[in-house]
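Please keep the model open beside the text as you read.

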Amino acid sequence: PFATEVITEIVTNQSLEICPENPPQLKGPLHVEFSSVVKLDKLIEEGSVSPGGRFRPKECVSQQKVAIIIPFRDRELHLKYWLYYMHPILQRQQLDYGVYVIEQTGADLFNRAKLFNVGYAEALKEDNYDCFVFSDIDIIPIDDRNLYKCYDQPRHLSVAIDKFNFQLPYPQIFGGISALSKEQLLKINGFSNNYWGWGLSFRGMSISRPDLMIGRCKMIQHERDKLNPPNPQRMTQLSHTIEMMDKDGINSLSYSVVSSEKSSLYTRISVNIGSPP
Ligand code: UDH
């Protein structure tokens with residue numbers, strides 16, 4: 001081949017094969033606990049994660065590029081556990097990924113859904129991600145066969161949480177940890193506080209899930225945050241999902257970035273998302 005062809009091949013990684021469906025380094029069930037304080041020094045020193053929390057496997061080319069979006073305010077300890085447990089898992093899963101912690105500034109009610117939409121928009125400014133995993137900061141899978149990637153249908157990952165006796169609380173549940181491709185997200189116009197799993201079926205999608213063994217997770221116990229009460233209107237709002245879906249979401253998103261910082265294991269983007277109406 002011509003020299004230029006060889007160079008192109010090296011640059012685009014064409015010489016590496018696509019990563020296999022079943023990553024070979026997976027361990028299955030894992031030991032995860034939140035009783036002792038964890039240290040991140042070793043993980044940082046290892047140097048496998050690039051600044052901003054980016055990683056891609058050396059041995060193969062990942063099938064998808066995944067942005068992991070975490071809504072955040074005042075949970076520094078939980079963030080430590082998340083980074084400590086999740087980086088090694090995601091690496092064994094041979095994912096090409098980036099970790100985005102989206103921090104709500106100010107003292108208004110916490111708005112998880114809006115932070116997810118902000119994370120989607122901000123991650124796309126950085127790279128051409130094709131899959132988005134939306135994760136609460138306090139839920140860790142305890143089986144690494146639960147892959148943080150996108151499927152043909154929107155994927156619910158946190159199906160069997162210890163807090164709920166390792167059972168699915170109800171069939172439409174989609175919170176905790178979920179994965180949607182860019183295409184799936186655009187179909188529902190992103191997340192809204194007004195609907196969860198329900199919006200998916202209105203757009204002809206269903207929920208894909210791992211089984212209750214592979215889908216086991218542990219949740220960090222904590223008190224409810226003061227500025228995050230249960231939404232008393234959630235049931236009435238849910239019934240307006242169909243009307244609201246196309247108006248309220250990614251296409252109507254407005255916010256401003258207060259600061260953006262790449263630390264060794266994640267990117268933190270602090271945002272002003274405004275006050276509730
Ligand atoms: N979150 C924050 N800060 C907050 C509120 C929420 O970072 O002040 C994020 C965090 O990623 C959390 C996620 O939003 O995992 C979802 O929060 P949630 O509204 O689902 O509530 P949480 O996981 O559980 O905090 C609420 C029930 C706790 C009751 C405990 C009673 N013993």
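The loop between β2 (65-72) and α3 holds Asp74, and in this predicted model Asp74 has a positive phi of about 60° although it is not a glycine. Another positive phi belongs to Gln94, found in the loop between α3 and β3 (96-104). Are these two residues buried or exposed? Asp74 counts as exposed, because it has 12 C-beta neighbours inside 10 Å and the cut-off for exposed is 12 or fewer. Gln94, with 25 other C-beta atoms within 10 Å, is buried, because 20 or more are enough for that.

| Residue | Phi | C-beta atoms within 10 Å |
|---|---|---|
| Asp74 | about 60° | 12 neighbours |
| Gln94 | near 55° | 25 others |

Beyond its neighbours within four places in sequence, Phe132 touches Ala67, Ile69, Tyr120, Ala179, Leu180 and Leu185.

Next comes an open sheet of three strands, ordered β5-β9-β7 with mixed pairing. β5 (139-141) and β7 (160-161) are the edge strands, each with a single partner, so one side of each has no neighbour in the sheet. β5 and β9 (residues 216-219) run antiparallel and are joined by three bridges; Ile139 stands opposite Met219 in β9.

Finally, the record: an unreviewed UniProt entry annotates residues 19-150 as "domain: Galactosyltransferase N-terminal". Over that stretch the chain is 29% helix and 20% strand, with its end C-alpha atoms 15 Å apart.

How values were computed
Residues are numbered from 1 along each chain as its sequence is written. This is a predicted model: local features need pLDDT of at least 70, side-chain atom pairs count only at pLDDT 80 or more; totals for chains, interfaces and linings use all residues. Two residues are in contact if their C-beta atoms, placed from the backbone, lie within 7 Å. UniProt positions are given in the numbering used here, feature names are shortened, and annotations may be inferred rather than shown by experiment. Helices (H or I, at least four residues) and strands (E, at least two) are DSSP runs, numbered from the N terminus. Two strands pair if DSSP finds at least two bridges between them.
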